[in-house]
Amino acid sequence: MRDYPAMDLAALVQIGRRWWGLVFSAAILGGVAAFLVSTRITPTYEARTTLLVVQRQNEGVVQLNDLQTAERLANTFSRLVTLRPVLDRSIQEGSLPFDATELEKRVGVTNPRGTQLLEVTARASNADLAARMSNTVARAFISSNEAALTSRPGQVSVVEEALPPRDPVSPRPLVNAALGVLLLAVAAVAVIVAGEYLDDTVKSGEDAVERTGLPILARIEQFGRLNN
């Protein structure tokens with residue numbers, strides 16, 4: 001079995017001094033490449049509309065049980081927002097440039113834990129379109145729910161309409177550039193350390209002494225050409 005030399009801290013420091021330029025160059029290359037690629041990717045904007053779900057009740061004081069029921073309703077309603085009838089209605093009312101399948105991929109609904117809220121999010125390559133999609137789907141669901149009040153015990157209202165977002169959620173060139181710097185630097189270090197560890201050639205007298213444990217008996221020096 002091949003015996004590879006052990007690498008201590010001093011050896012790693014020596015390797016670092018020898019190859020730091022390559023690691024630095026690789027890190028810069030990774031950052032620049034990641035930044036340039038990110039700036040050429042079509043941006044994606046995300047808009048959010050917040051809804052409030054309340055239980056239909058008779059006049060009187062709101063009880064704790066009413067709030068708990070409303071929370072459960074919000075969780076249930078979150079699964080109804082992206083059903084095909086709501087999506088078809090959204091496309092028709094908002095003149096959205098998607099079919100129901102594509103719209104479903106672009107719309108998401110969450111119910112923050114322990115709340116009566118629904119957060120309808122929509123993603124698009126245009127900020128205004130993302131806001132329009134989110135608000136249209138939210139209003140279409142409210143209309144659908146009002147039409148089915150006899151079978152659904154909850155009411156839904158808009159708490160906060162979506163506004164066109166200023167910044168895209170992806171890509172993020174600066175973040176990607178930082179990741180590119182880190183990843184290529186780590187890759188360069190890994191390749192260099194592996195190469196040095198697997199290299200068992202003797203490059204100097206000190207290497208020979210370290211590997212064999214024997215002293216140097218003589219040196220052969222290289223002289224320049226002698227002129228006659």
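Serine 95 is exposed, since its relative accessibility is 58% (buried means under 20% relative accessible area, exposed over 50%, partly exposed in between, with a 1.4 Å probe and protein chains only). Serine 95 has a positive phi of about 50 degrees, although it is not a glycine. It sits in the loop between α3 and α4 (100-106).

The model is predicted: local features need pLDDT of at least 70, side-chain atom pairs count only at pLDDT 80 or more, and totals for chains, interfaces and linings use all residues. Residues are numbered from 1 along each chain as its sequence is written, and side-chain values use heavy atoms, with hydrogens and water left out.

## Overall layout

The protein has seven helices and four strands (DSSP runs numbered from the N terminus: helices are H or I with at least four residues, strands are E with at least two). From the N terminus, the order of elements is α-β-α-α-α-β-β-α-β-α-α.

Of the 228 residues, 29% count as buried. The accessible surface comes to about 15,500 Å², and 57% of it belongs to carbon and sulfur atoms (Shrake-Rupley method, 1.4 Å probe; for residues, only the protein chains shown count as cover). Among contacts with a separation of 6 or more, 73% join residues 24 or more positions apart (contact means heavy atoms within 4.5 Å).

## The sheet

Four strands form an open antiparallel sheet, ordered β2-β3-β1-β4 (two strands pair if DSSP finds at least two bridges between them). β2 (107-110) and β4 (154-160) are the edges; each has a single partner strand, so one side of each lacks a neighbour in the sheet. The twist averages 25 degrees from one strand to the next (axes are lines fitted to C-alpha atoms, for helices over the stretch in contact; angles run from 0 to 180 degrees between N-to-C directions). Helix α5 (residues 127-147) packs on the sheet and touches β1 (45-55), β2, β3 and β4. The direction of α5 makes about 20 degrees with that of β1.

β2 and β3 (residues 117-124) pair over four bridges. Here valine 109 stands opposite valine 120 in β3. β1 and β3 pair over eight bridges, with arginine 48 opposite threonine 121. β1 and β4 share six bridges. The bridge partner of valine 54 is glutamine 155 in β4.

## Salt bridges

The count comes to six salt bridges (a side-chain nitrogen of Lys or Arg within 4 Å of a carboxyl oxygen of Asp or Glu). Glutamate 119 bridges to arginine 48, with the closest N and O atoms 3.6 Å apart. Glutamate 119 lies in β3 and arginine 48 in β1, so the pair ties together parts 71 residues apart in sequence. Both are partly exposed: glutamate 119 at 21% and arginine 48 at 39%. Glu46, Arg48, Glu119 and Arg123 are linked in a network of salt bridges.

Arginine 139 and glutamate 161 meet at 3.8 Å, N to O. Arginine 139 lies in α5 and glutamate 161 in the loop between β4 and α6, so this pair ties together parts 22 residues apart in sequence. Glutamate 93 and arginine 89 form another salt bridge, at 3.0 Å, N to O. Both lie in helix α3, four residues apart, about one turn of the helix.

## Helix α1 and the nonpolar patch

Trp20, Phe24, Ile28, Val32, Phe35, Leu36 and Leu174 form a nonpolar surface patch with about 750 Å² of accessible area together (patch residues have over 30% relative accessible area and no salt bridge; like charges are joined within 9 Å, nonpolar side chains, that is Val, Leu, Ile, Met, Phe, Trp and Tyr, within 5 Å). Helix α1 (residues 9-39) gives the largest share, six residues. Isoleucine 28 lies in α1 and is partly exposed at 45% relative accessibility.

Leucine 12 is also placed in α1. Leucine 12 and valine 193 are 181 residues apart in sequence, yet 8.0 Å apart in space, C-alpha to C-alpha.

## Two loop sites

Serine 78 is found in the loop between α2 (64-77) and α3 (84-94). At 13% relative accessibility, serine 78 is buried. Leaving out residues up to four places away in sequence, serine 78 touches Val109, Asn111 and Leu118.

The peptide bond from serine 170 to proline 171 is cis, with omega near -5 degrees. Proline 171 belongs to the loop between β4 and α6 (173-198).
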